Amino acid sequence: MRKTAFLFPGQGAQNVGMGRSFYEKYDAVRQYFKTAQEVTGIDVASLCFEENEALNQTEYTQIAMYTTECAILNVLQEKGIPYEAAAGLSLGEYAALTAAGALSFKDGCYVIRRRGIYMEQAVPEGQGSMAAVLALSAKQTEEVLKTSLDTAKIGIANYNCPGQIVISGEKGEVERAAEVLKQAGAKRVVTLRVSGPFHSPLLYGAGEQLQKELEKISFNKIRIPYIANLTAEYVTDSKEIPELLRKQVYSPVRFEQTLRKLITDGFDTFIEIGPGRTLTGFVKKTAKEMQCEGITCINIEKEEDLSQLITE
């Protein structure tokens with residue numbers, strides 16, 4: 001019997017038009033967008049469907065992504081698509097929490113809106129940076145940062161998959177890190193187009209601000225196990241969630257470790273819910289490195305993609 005995990009992408013996967021085919025077909029999806037607007041005061045449908053600059057600004061990107069992912073999730077749930085675990089990348093962890101039954105969509109909209117603002121405002125524009133480190137092991141990257149750089153100003157933001165680490169922090173430190181990492185054997189260090197140094201020590205203050213908002217949320221009992229970014233471990237007690245989300249803002253996202261755990265535990269079907277195919281690529285690279293065959297990856301981005309769930 002196959003074991004299925006739902007995966008939710010994070011910031012960076014957004015695109016104009018995401019979720020539109022579902023919005024046009026399902027009344028329930030339109031209600032999700034309406035609820036998001038009522039909670040946040042943002043016309044999320046226009047934000048997602050019309051050409052605009054705001055979609056790529058953190059404070060708006062996050063609510064747009066979360067709404068789209070949860071609306072599509074609801075369609076899959078209504079169709080009875082079974083899943084035994086959920087995980088998400090950074091922002092995607094909130095959709096995973098909703099999939100796990102721990103976070104209501106309305107509460108998610110409230111906290112995501114504030115998370116986006118706090119992360120956007122944490123570091124003045126132009127002072128932070130992020131970069132992808134290619135073809136250097138996590139252990140080597142960790143060692144270089146620890147021995148050659150100021151770890152109060154820079155750190156690992158994402159363990160994405162084998163051969164891809166993302167670093168984040170003060171712009172000057174990231175630039176210096178790029179040179180040191182290339183000398184250590186990195187094939188390339190690519191600066192990312194982002195509006196802030198996410199998941200770095202510089203966002204500690206944003207985590208503290210977010211904690212105050214999380215204290216206002218009543219998290220429900222976890223019905224489906226989900227894996228936290230911070231620990232790459234299953235969470236079964238909802239009391240742990242606020243602290244995990246607070247620290248997540250300024251700590252590394254352990255997504256490769258999350259995938260390794262799921263694959264080791266026998267999960268062989270991964271359904272990526274939302275725009276893009278980023279997480280599918282991470283699954284394939286991780287499974288290949290683990291020499292694990294028989295892994296199925298399905299992307300549900302457009303309404304027509306649902307046909308894969310019938311034929312697979």
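**Exercise 1.** Find out whether Phe 6 is buried or exposed.

*Solution.* Start with the cut-offs: buried means under 20% relative accessible area, exposed over 50%, and partly exposed in between, with a 1.4 Å probe and protein chains only. Phe 6 has a relative accessible area of 0%, so Phe 6 is buried. Keep in mind that this is a predicted model, where local features need pLDDT of at least 70, side-chain atom pairs count only at pLDDT 80 or more, and totals for chains, interfaces and linings use all residues. Residues are numbered from 1 along each chain as its sequence is written, and side-chain values use heavy atoms, leaving out hydrogens and water.

**Exercise 2.** Describe the aromatic pair that Phe 6 and Tyr 83 form.

*Solution.* Rings of Phe, Tyr and Trp (its six-membered ring) pair if their centres lie within 6.5 Å; planes under 30 degrees apart count as stacked, over 60 as edge-to-face and the rest as tilted. The structure holds nine such pairs. In one of them, Phe 6 and Tyr 83 are 4.0 Å apart centre to centre with 20 degrees between the planes, and the pair is stacked. Next, check Tyr 83: its relative accessibility is 12%, so Tyr 83 counts as buried.

**Exercise 3.** Work out which residues touch the most other members of the largest nonpolar core.

*Solution.* Such a core is a set of buried Ala, Val, Leu, Ile, Met, Phe, Trp, Tyr and Cys residues joined through side-chain atoms within 4.5 Å. The largest one has 75 residues, and Leu 76 and Tyr 226 touch the most other members. Apart from it lies another core of 19 residues, including Phe 270 and Cys 297.
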